[in-house]
Amino acid sequence: MWSILLMGLGGLLIGGGISFIQQKKPRWLIIAFFVLAAMALVAAFLFTFDAK
């Protein structure tokens, strides 16, 4: 269940990062969104294989 929620969060963060690129927002904000998205997707991956 947590992995599905984290994958959804990662998708939303990636969409936000792409949106910020199109809006010409500061680069640090875009990088922060993509880093958080990557962390959410890695956590979802780890939760998936941790389930027994």
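The model is predicted, so local features need pLDDT of at least 70 and side-chain atom pairs count only at pLDDT 80 or more, while totals for chains, interfaces and linings use all residues. Residues are numbered from 1 along each chain as its sequence is written, and side-chain values use heavy atoms, with hydrogens and water left out.

**Exercise 1.** Check the span of helix α1, residues 2-22, against its 21 residues.

*Solution.* Helices are DSSP runs of H or I with at least four residues, numbered from the N terminus. Start with the rule: 1.5 Å times one less than the number of residues. For α1 this gives 30 Å. Now compare: the end C-alpha atoms lie 30 Å apart, in agreement.

**Exercise 2.** Find the buried residues of α1 and work out how they are arranged around its axis.

*Solution.* Buried means under 20% relative accessible area, exposed over 50% and partly exposed in between (1.4 Å probe, protein chains only). In α1, Ser 3, Leu 6, Gly 10, Leu 13, Gly 16, Gly 17 and Phe 20 are buried. Down the axis they fall within an arc of 140 degrees, taken from directions to the C-beta atoms, so they line one face. Turned away from that side are the exposed Ile 4, Leu 12 and Gln 22.

**Exercise 3.** Decide whether Leu 41 is buried, partly exposed or exposed.

*Solution.* First locate Leu 41: it is in helix α2. Its relative accessibility is 36%, so Leu 41 counts as partly exposed.

Methods: Helices (H or I, at least four residues) and strands (E, at least two) are DSSP runs, numbered from the N terminus.
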